[in-house]
Amino acid sequence: MTSSIKFIATDMDGTLLNDEKALPADFYHVFNELDAKNVLFAAASGRQYQSLVNTFEPIKDKILFIAENGTLVMYQGKELYSSTIPTPEIHTIINSIKAIDNTFIVLCGKNSAYTETTDEHAIEEIKKYYHNLEFVTDLLAVDDEFIKIAVLNFNGTEQQVYPIIAPLYAQTHQVVISAKIWLDVMHKTASKGAAIKELQRIFDFKFEESMSFGDFLNDIEMLKETYFSYAMDNAHPEIKQLARFHAPSNNEQGVMTIIKQQVLK
């Protein structure tokens with residue numbers, strides 16, 4: 001069915017990784033088989049680039065990194081694509097988010113992520129996804145090229161943050177719920193899908209030669225940009241409705257199962 005696949009992109013949390021945040025046991029074996037067939041493989045995540053590099057250290061020069069929900073694309077240590085937000089806009093958005101109770105902000109720059117929080121529970125959660133993290137006293141004083149603002153709310157961003165931030169910024173920026181407790185604000189044109197469109201141009205593969213796997217709302221554009229779009233069994237209902245195909249859950253190594261069945265068979 002899918003012997004013509006030239007490109008595979010997979011989300012990380014809730015998709016490739018199990019609930020313990022571990023890679024599938026046979027991941028590197030499957031990756032090496034894909035590599036031998038010249039199939040490009042991309043980790044497409046809301047996670048920071050440095051965090052992804054640490055996860056895939058043994059193959060970091062063979063894998064494409066679609067980091068920070070598509071705002072930064074890296075390959076072999078070089079930037080292929082990025083989508084930045086002007087600093088004055090960043091400051092306006094940060095001030096709006098600061099008005100929301102029980103909410104923690106991670107300002108994502110190309111060099112590092114930055115946070116003001118001293119809350120230990122929040123820091124523990126933030127460090128799962130941002131390995132290059134600087135603690136600052138004032139986010140508005142940070143100097144970097146900014147690609148994203150990530151918002152953490154343990155009571156749920158769909159209920160607590162999105163209804164406040166979306167009316168203010170959804171017309172001018174991409175406001176996306178990336179997990180139950182995370183929300184991202186990015187450049188209006190930024191998404192995992194926009195990053196894949198750019199990669200199609202750079203590496204010369206077609207929509208029909210693309211496969212992707214996702215579980216949450218920040219995967220919508222990626223699934224739309226690839227013909228063989230798979231929703232995980234544990235995916236958000238909207239993702240299941242959108243994807244053309246379904247894969248077993250992240251805890252059943254669904255990504256590996258489909259790749260072995262459809263691409264490597």
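Visitor: Which side chain meets that of Glu145 in a salt bridge?

Guide: This is a predicted model, in which local features need pLDDT of at least 70 and side-chain atom pairs count only at pLDDT 80 or more, while totals for chains, interfaces and linings use all residues. Residues are numbered from 1 along each chain as its sequence is written, and side-chain values use heavy atoms, with hydrogens and water left out. A salt bridge is taken as a side-chain nitrogen of Lys or Arg within 4 Å of a carboxyl oxygen of Asp or Glu. With an N to O distance of 3.5 Å, the partner of Glu145 is Lys110.

Visitor: How many residues apart are Glu145 and Lys110, and in which loops do they sit?

Guide: Helices (H or I, at least four residues) and strands (E, at least two) are DSSP runs numbered from the N terminus. On that numbering Glu145 belongs to the loop between strand E8 (133-135) and strand E9 (146-152), and Lys110 to the loop between strand E6 (104-109) and strand E7 (113-115). The pair links distant parts of the chain, the two residues being 35 residues apart.

Visitor: Why do the buried residues of H5 count as lying on the same side?

Guide: In helix H5 (residues 120-129) the buried residues are Ala122, Ile123, Glu125, Ile126 and Tyr129. The arc is that of the directions from the helix axis to the C-beta atoms. These residues lie on the same side of H5 because the arc that they cover around the axis is only 165 degrees.

Visitor: Which residue caps the N-terminal end of H5?

Guide: The face of H5 turned away from its buried side carries the exposed residues Glu120 and Glu124. At the N-terminal end, a side-chain oxygen of the capping residue lies 3.0 Å from the backbone nitrogen of His121, and that capping residue is Asp119.

Visitor: Which residue forms a salt bridge with Lys197?

Guide: The closest N and O atoms of this pair are 3.4 Å apart, and the partner is Glu225.

Visitor: What is the volume of the largest pocket, and which element gives the most to its lining?

Guide: On a 1 Å grid over the protein atoms alone, a pocket is an open set of points with protein on both sides within 12 Å along at least five of seven lines, a cavity is a set where a 1.4 Å probe fits but cannot get out, and lining residues have an atom within 4 Å of a point. Grid points are joined across faces, edges and corners, and a volume is the space filled by probe spheres set on the points. Of the 27 residues that line the largest pocket, the closest to its centre are Asp13, Lys21, Ala179, Lys180 and Asp215. The volume is about 650 Å³, and the element that gives the most, with three residues, is H5.

Visitor: Which element gives the most to the lining of the second largest pocket?

Guide: About 170 Å³ of space lies in this pocket, whose lining includes Tyr162, Leu217 and Glu238. At least two lining residues come from each of E10 and H9. The element that gives the most, with four residues, is E10.

Visitor: How much space lies in the largest cavity?

Guide: The count comes to one cavity of 30 Å³ or more. Among the residues that line the largest cavity are Asn69, Met186, Lys192 and Asn218. The space in the largest cavity is about 40 Å³.

Terms used: Buried means under 20% relative accessible area, exposed over 50%, partly exposed in between (1.4 Å probe, protein chains only). A polar contact is a pair of N or O atoms within 3.5 Å; within protein, one must be able to donate a hydrogen and the other to accept it, and residues adjacent in sequence count only if both atoms are side-chain atoms.
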